[in-house]
Each structure stands twice: as structure tokens, then as C-alpha cells.
Amino acid sequence: MILSSSLIIVLVIIIVCAILRSTSFWFLLKTWWRTIEDRFHVYQFYKVPEYNESYHQENQLYQKVSTYVSSLSSIEDSDFANLFSSCEKSNEISVQLDSNQTVYDTFLGARVSWKNEEKCEKNSFCRTFVLKIKKRDKRRILRPYLQHIHSVSDEIDVRRKEIKLYTNSGTGTRTTDRQTWRSVGFTHPSTLDTIAMDSDVKNKVKSDLESFLKSKQYYHRLGRVWKRSYLLYGPSGTGKSSFVAGLAKFLCYDIYDVDLSKVSDNSDLKLLLLQTSSRSVIVVEDLDKFLNEKSTGVSLSGVLNFMDGIFSCCGEERVMVFTMNSKDHIDHSILRPGRIDAQIYFPLCDFTAFKTLANNYLGLKDHKLFPQVEEIFQHGATLSPAEIGEIMIVNRSSPSRALKTVITALQTNGDPTRNAAGKMSRRLSESESSKERSGDESVDNSGVICRESVHTVREFRKLYGLLRMKSSGRKTSGGFDLNSSVEKTEKEG
Ligand SMILES: Nc1ncnc2c1ncn2[C@@H]1O[C@H](COP(=O)(O)OP(=O)(O)OP(=O)(O)O)[C@@H](O)[C@H]1O
Ligand SMILES: [Mg+2]
């Protein structure tokens, strides 16, 4: 009798609990209890605004808190939250607290809350996280809690970082300076592995970067800004920009692509650098063209100060990359060691790079036409990897046709006698250019080629601006050239 009645009581309790949990009543009970409990405590509030007072710099802590708060499981209990999926990892959904919503967290036995406040003030939009913490817990947990937020958000950033590409979209008035950088998700497909280049140089760059990442203390002891600068130079279409993309992915750093032609003067350039975050790659493409044309108020000394990174702030862990087609007419002060730590030459395609491209683009490890291609390369003929890659993409359904088209293109453009030094100049001569323009196809009859491919060759030439006369100055020795300055620095280090 007693047994059966206690069984009934247990069953009733289980059913009541199940009903409470399956309805909102349980949730309401918890909320009421929290409201009542709140009335019996004195609280301290801490604001974490998105921007510092002058509105020029982002508050790094705000980003960290935002990442941390989004990672809390209790965020799912807030009444409103925003769901996002990133462009790169579309299967990953992130939850972000909506404006004026509160989320609770527990740390070392103390309960705290974060509110995401959003206000419109004087035509500007202010976002602030407000931390609410019991006064009696404040001394005990505040510092360790903030450290905990730092380490959790750093860990999350590294784990699921979506690389961002920042571009300077033109400077505005002082009050809108903080909007100078615009960012988008960085989806460039290049990685260091997909770039056809000398494997020794690639490995050297990788280990140079890895040792740089570990040398924070070393740089600080020397009183040097913790940055590393690379100059990438070489003809058009040899993979400089792709290398920058691969570099950023290798480091998991955001990219700041500085368009100097949109920077009005030195102080704007300074401001741009101040607004970059640490752990970023700062890229200035075609520096040679900018320095030769000097189309804005940015002076050489402005560029030099920028390269030295003396205006960088907040952690200053940066990799700077400058690209050029030729460094022949560049002021020597630009290239001095310390300002440029390593110079990497991007040559036109040789047979080794060709084989990498054939493997990447056509899935060919070997082919009966390879010896013929090798022979043509040995006679000094060459094209840029971009040109060869383009032929391969267009003819990817037929690897044999792709190789034949490459052979014809090399024979057409790779006549070594056009270069006085016996080395290949891949640029079309003016006469060839005019032949092309006039539609004379005799030039294309030299090789095994089908008509479709002739057009293909012509199209990719147009695409990559082969008919442009570009700077002739380039290294002719063929390999990559890692600047002696990096070797020197390595020895010194
Ligand atoms: N070394 C390479 N390995 C693999 N692909 C390459 C290489 N070089 C160029 N490409 C391909 O050619 C295209 C153009 O390359 P990229 O823009 O990197 O050249 P670039 O050297 O920056 O040219 P430019 O000096 O004109 O800016 C890209 O699609 C890239 O994938
Ligand atoms: Mg480029």
C-alpha cells in the first residue's frame, strides 16, 4: 500500500516536472526569481564602448567582448538574437546578441550579465557592452574575468577566423574618418600551396614568418616595432597578389589593402595605419608605379614612415607587403634593410613552375608532350604563370590540347632572339602587336594548334594586357631572389 502510494507520488512529481519543463512556465519562474534576487544586491556597471573617445580607434576590448558574448550558451536564452552564416564557412552559424538584450554568465561562482546597448547620438551610431557585476564580487573576479574573456576570444578568433579584406574607400571629413576602412570577407582561393614557385623560397618564407611570429619578446628587447616587411617584385601575372592572399591565409591575418592613390596626404596615411588592427597583413600594391607617378599629396617621407610602422599601435604584430613590377628606378631608401626585410623575386614561368601548374590546373603529373615543353623552356621561351594558367583553364577538358596550346604560345611569344641578352622577353614586340590587331594569323601557324585555341591565345593575351608595353627592367637570372637582408637578419637573430 505504502509502496504503491509512494510510486504514485514519484510519478506525479515526474509528470509535473515534465510539464513545467515543456512549457514556458519553468523559464518564467527562473526570470521572476532573478528579478527578485536582483533587488537584494548592489551592482557595479562597466561600459565597453565600440570606439574610444576621439572616435578614431576601435576599442579592441569591444571586439573581444562581442566574440566572447556570442560564444556563451546562455545567449540562446535571450529574447532576441541575430543569426549569421559567414561567406567562407556558410555551414557555420553564429549567434549575436540583438540590441538592448541581456545575456548572463557565471564566473568563479559569481553571476554577471552583459547588455548590448545601441544608441544613436549626434548622427553617429554608438554600440556599447555593459557589464553588470555584484559589488561584493567585483574585486574578486573582475580582473581574472577580463583575462578569461581575452583568452577565450583569442582562441575563438584563431579557430574560426574568417579573414577580412579591408580597403581604404577614400577619406572623408574628420568626423567620419573612422569609416575609412571598409571590410568584406576574404574569399580569395589562393594558398601558398597553390602558388607555383621555387619550393626552397616558399619554405624559407614560411619559416621566416614562423620565426617572426615567435619573436615578440626579441623585437621588444631590441626596441623595434614587431613587424616584418616583404617586397614582392617581378613581371605582371607571376603570382605576387596571389602570394599575398596565400600569406594572409597562412598567418590567418586580415588584409589591409592600401590604395595610395586614394590617400590625400601623409597625415591621412598615418591615420590609416593607426586604424589597422594588429595581426594583419598591410599591402601596398604597385608601389613603383605610385612612386613614379606621385599622383597625390603623399610624399616619399610619408611612405617611408608608413613602411617603418612608427605610427602603428595596439600590439603592432604586422606583416607589410609591397609589390612592384620593377625595383630598378626605386629610391634606395625604400629598399634599405629593416624597412624591407626580405625581397622575393617572382619570375616568369620555367619548366618546374609549368609542371606545378599542369598538376594544379589539369591534374597532370606527366605527359608525352612534357619533353617538348621542357625543350622550349630550355631555349629561353617563357610566359607568365597567369598566361599559362589561363590557357590551361580554357582547355581543361582536353589536357593534350592545353599542352599544345601552351607550346604554340611559347613558340609564338618565346623567340629568344628577340632579347639581346639571349634571355626571353615575353612581351610582344610592337610589330607582333600590330599583326595581332590587324588580324594576320600567320604568326599562329607555327605550331600544332586548332583554330579555337588560336582564339583562346588571343583572348588571354587581351585579358592580361599582353599588348601593353610594360617596364622592361626585370631580373633575368630566372630564380627567386630572397633579399640578402633577410639572410643577414637571420644570421644576426
Ligand atoms: N606562380 C603562380 N602560381 C599559380 N598561379 C599563378 C602564379 N602566378 C600567377 N598565377 C595566376 O595568375 C593570375 C594572376 O596572378 P596575380 O594577380 O597574382 O599576378 P601579379 O604578379 O600580382 O600580377 P600584377 O603584377 O599584374 O599585379 C591569378 O589567377 C593566379 O592564380
Ligand atoms: Mg598583382
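This is a predicted model: local features need pLDDT of at least 70, side-chain atom pairs count only at pLDDT 80 or more; totals for chains, interfaces and linings use all residues.
1. Start with ligand 1. It is surrounded by 16 residues. The closest are S236, G239, S241, P385 and A386. By type, the shell holds six nonpolar, nine polar and one charged residue.

2. Next, where the ligand sits. Domain 2 (167–342) and domain 3 (351–425 + 428–463) both contribute residues to the shell, so ligand 1 lies between them. Two helices, α7 (240–251) and α14, each supply at least two shell residues.

3. Helix α14 also has a helical partner. Two packed helices are described by the angle between their axes and the distance between the axes. For α14 (residues 385–394) and α15 (residues 399–413), the angle is about 145° and the axes are 8 Å apart. Their crossing is right-handed. On α14, the contact is made by E387, I388, I391 and M392; on α15, by A402, T405, V406 and A409. These contact residues divide into six nonpolar, one polar and one charged.

4. Now the backbone. Most residues other than glycine have a negative phi. R279 is not a glycine, yet its phi is positive, about 55°. R279 sits in the loop between α8 (266–274) and β11 (280–284). It counts as partly exposed because it has 19 C-beta neighbours inside 10 Å, and a buried residue needs 20 or more.

5. D286 is another such case. Its phi is positive, near 50°, and it is a residue other than glycine. D286 lies in the loop between β11 and α9 (287–293). With 19 other C-beta atoms within 10 Å, D286 is partly exposed.

Definitions and conventions:
Residues are numbered from 1 along each chain as its sequence is written. Chains are lettered from A and ligands numbered from 1 in the order in which they are written. Axes are lines fitted to C-alpha atoms, for helices over the stretch in contact, and angles run from 0 to 180 degrees between N-to-C directions. Helices (H or I, at least four residues) and strands (E, at least two) are DSSP runs, numbered from the N terminus. A crossing is left-handed if the near helix is turned anticlockwise from the far one by less than a right angle, and right-handed if clockwise. Two residues are in contact if their C-beta atoms, placed from the backbone, lie within 7 Å. Ala, Val, Leu, Ile, Met, Phe, Trp, Tyr, Cys and Pro count as nonpolar, Asp, Glu, Lys and Arg as charged, and the others, Gly among them, as polar. A residue is near a molecule or strand if its C-beta atom, placed from the backbone, lies within 6 Å of it. Domain bounds come from an automatic or database domain assignment. A residue is buried if 20 or more other C-beta atoms lie within 10 Å of its own, exposed if 12 or fewer, and partly exposed in between; C-beta atoms are placed from the backbone.
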